[in-house]
Amino acid sequence: MAETRAKKRWLPLEANPDVMNQFLSGLGLPVEEAECNDVYGLDEELLEMVPKPVLAVLFLYPLTSQSEAERVKEDSVEKDYNKNVYFMKQTVGNACGTVGLLHALGNVTSEIKLEEDSFLDRFYKSTANMDPSERAVFLEKDTEMEVAHCVAASAGDTEASDDVDTHFICFSCVDGELYELDGRRERPVSHGPSSPSTLLQDAAKVIKGMIEKNPNSMNFNVIAVSKATA
């Protein structure tokens, strides 16, 4: 969970839906609106078990010299992107889990009802017209989020440590296109056409490709953010 520049560092958020749900609930996402769920595998029958509709997909993967070299190479190519995509940079070390969740919800604010005047409600309203770097600075200076993140990071099943070599990214569908959202990158990465109904399957294809590049690692985790249904 590396950062764009060496500054503030938080404890990493565990890839644990229960921890994430409690974290988001405390920030203003009602449990009856959306929740995080484990994705137990990328085969079609296992994807079918994930509660629908899926609003976003979070992916935890190991940072390797190969993945870092690919990121630097791809970021060196200037590309424009759809400014309807809610995207922010990551400037706080180990904050990638929180940034991933902010990406996940930030691109579906029209589909979920946040508690009025809650942290998330204020955060998205305050950062709506900011650029990715300004949003990063806003988060970096926000002590309320820092405290909430640290509480959540300490609530996991594993002992919290800031010495980690894994990283969270988010996959969202915006205007009929699948985007990979990684706060360490210069911009969102488009992975082609998608739709809200195929988001999970489309993200799974990209994730499979990333896993195949690291055949000797077991440090992968996939979590879906699903709209709660009555």
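This is a predicted model: local features need pLDDT of at least 70, side-chain atom pairs count only at pLDDT 80 or more; totals for chains, interfaces and linings use all residues.

Student: Why is His167 called buried?

Tutor: Buried means under 20% relative accessible area, exposed over 50%, and partly exposed in between (1.4 Å probe, protein chains only). His167 has a relative accessible area of 0%, so it counts as buried.

Student: What makes S3 mostly covered?

Tutor: Nine of its nine residues are buried. Thr166, Phe168, Cys170, Ser172 and Val174 point one way, while His167, Ile169, Phe171 and Cys173 point the other way, and all are buried.

Student: How do you know which strands pair with S3?

Tutor: Two strands pair if DSSP finds at least two bridges between them. S2 (residues 54–62) and S3 have six bridges, in the antiparallel sense, with Val57 opposite Phe171. S4 (residues 177–181) is joined to S3 by five bridges, also antiparallel, and there Val174 stands opposite Glu177.

Student: What links S3 and S4 in that hairpin?

Tutor: Two residues lie between the strands, and Asp175 takes a positive phi near 50 degrees. Asp175 is not a glycine. Its relative accessible area is 56%, so Asp175 is exposed.

Student: Where else is there a positive phi in a residue other than glycine?

Tutor: At Asn94, with phi near 65 degrees. Asn94 lies in the loop between H3 (65–75) and H4, and its relative accessibility is 1%, so Asn94 counts as buried.

Student: Which residues carry the "active site" feature?

Tutor: The unreviewed UniProt entry puts it at Cys96 and His167. They are spread over 72 residues of sequence, yet the largest C-alpha distance is 6.4 Å. UniProt positions use the numbering used here, feature names are shortened, and annotations may be inferred rather than shown by experiment.

Student: Is Cys96 buried or exposed?

Tutor: Its relative accessible area is 1%, so Cys96 is buried. Cys96 belongs to helix H4, residues 96–106.

Key: Residues are numbered from 1 along each chain as its sequence is written. Side-chain values use heavy atoms; hydrogens and water are left out. Helices (H or I, at least four residues) and strands (E, at least two) are DSSP runs, numbered from the N terminus.
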